[in-house]
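These exercises walk through one protein model. Try each task on the structure first, then read the solution.

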Amino acid sequence: MGQNGRTSIRQHDVRDQITRLLEIFDGLASQRQAKRGLALDVVLYAGAPYWGRAVRRMLEQLALVEKRTQRRLLICRLDLCDEETFSAAKLLVLPVPGGDSLLHALRGFQRGVPVVASQSAHDTAVACRQSNGGLVYADDDELGACVELLLTDEPLRAAIGANGQRFVAERAPR
């Protein structure tokens, strides 16, 4: 058994494993580029604790929206998304008050991404209302309705995104 183990280890030299892993990653990257045409709606969210009750309920609502609208959603936590994902985002959901909720909303506004915020995130809800750059919801059903509306009404989503962008631009120091 020991001899067989040594032979196996020699056959699977680290350099060979690295080469094989790179081949796998290159293949996956090629597939990703080939699948870019997949119709996915990117929905970003931010919330701490990341798996708190509000986040779980939000994810449940997004699953229901996906089922009702027959749209494929790519749901990504804001702090884990790359620039390409942020640029493709259709909306940003902020289900939890406090933390960096307002900062995240302003980042979304700046990028023209409509925000859907819980009314319990008071400052963020006020910013959404003042800017007309987002929608505010009171309960899970309203969250689902807001997300569904923004995903299915492109002109409305674009107008709300533009409102948020204008709001931030008008208040930015010159």
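**Exercise 1. Two sides of a helix**

Solution. Exposed means over 50% relative accessible area, buried means under 20%, and partly exposed lies in between (1.4 Å probe, protein chains only). Helices (H or I, at least four residues) and strands (E, at least two) are DSSP runs, numbered from the N terminus.

The model is predicted: local features need pLDDT of at least 70, side-chain atom pairs count only at pLDDT 80 or more, and totals for chains, interfaces and linings use all residues. Residues are numbered from 1 along each chain as its sequence is written, and side-chain values use heavy atoms, with hydrogens and water left out.

Step 1: List the buried residues of α6. They are Thr-124, Ala-125, Ala-127, Cys-128 and Ser-131. These residues cover an arc of only 160 degrees around the axis, which puts them on the same side of α6. The arc is that of the directions from the helix axis to the C-beta atoms.

Step 2: Find the cover. The buried residues of α6 are covered by elements including β3, α5, β4, β5 and α8.

Step 3: Look just past the helix end.

**Exercise 2. The buried face of α5**

Task: Which residues of α5 are buried, and what do they pack against?

Solution. Step 1: Ser-101, His-104, Ala-105, Gly-108 and Phe-109 are buried in α5. Seen down the helix axis, the buried residues of α5 fall within an arc of 140 degrees, so they line one face.

Step 1: Recall the helix geometry. An α-helix has 3.6 residues a turn, so residues three or four places apart point the same way.

Step 2: Name the partners. The buried residues of α5 pack against β3, β4, α6 (122-131), β5 (134-137) and α8 (154-171). Contact means heavy atoms within 4.5 Å.

Step 3: Check what follows. Gly-112 comes after α5, and its phi is positive, near 75 degrees.

**Exercise 3. Strand β3 and its partners**

Task: Which strands pair with β3, and in what sense?

Solution. Step 1: Place the strand.

Step 1: Take strand β1 (residues 40-45). It runs parallel to β3, joined by 4 bridges. Two strands pair if DSSP finds at least two bridges between them. Val-43 stands opposite Leu-91 in β3.

Step 2: Take strand β4 (residues 115-118). β3 and β4 also pair in the parallel sense, over 3 bridges. Here Leu-92 stands opposite Val-115.

Step 3: Follow the chain. It leaves β3, passes through helix α5 (residues 101-110) and reaches β4 in a right-handed β-α-β crossover. Right-handed means that, with the strands pointing away from the viewer, the path from the first strand over the helix to the second runs clockwise.

Step 4: Visit Ser-118 in strand β4. At 8% relative accessibility, Ser-118 is buried. Leaving out residues up to four places away in sequence, Ser-118 touches Leu-94, Pro-95, Ala-125, Val-136 and Tyr-137.

**Exercise 4. Charged pairs**

Task: Which residues are linked with Asp-41 in a network of salt bridges?

Solution. Side chains of opposite charge can pair when their charged atoms come close. A salt bridge is a side-chain nitrogen of Lys or Arg within 4 Å of a carboxyl oxygen of Asp or Glu. By this rule there are 8 salt bridges.

Step 1: Join Asp-41 to Arg-71. Their side chains meet at 2.5 Å, N to O. The pair links distant parts of the chain, 30 residues apart: Asp-41 is in strand β1, and Arg-71 is in the loop between α3 (53-69) and β2 (72-77). Asp-41 is buried at 6% relative accessibility, whereas Arg-71 is partly exposed at 26%.

Step 2: Join Asp-41 to Lys-90. The closest N and O atoms are 3.1 Å apart. Lys-90 lies in strand β3, 49 residues from Asp-41 in the chain.

Step 3: Asp-41, Arg-71 and Lys-90 form a network of salt bridges.
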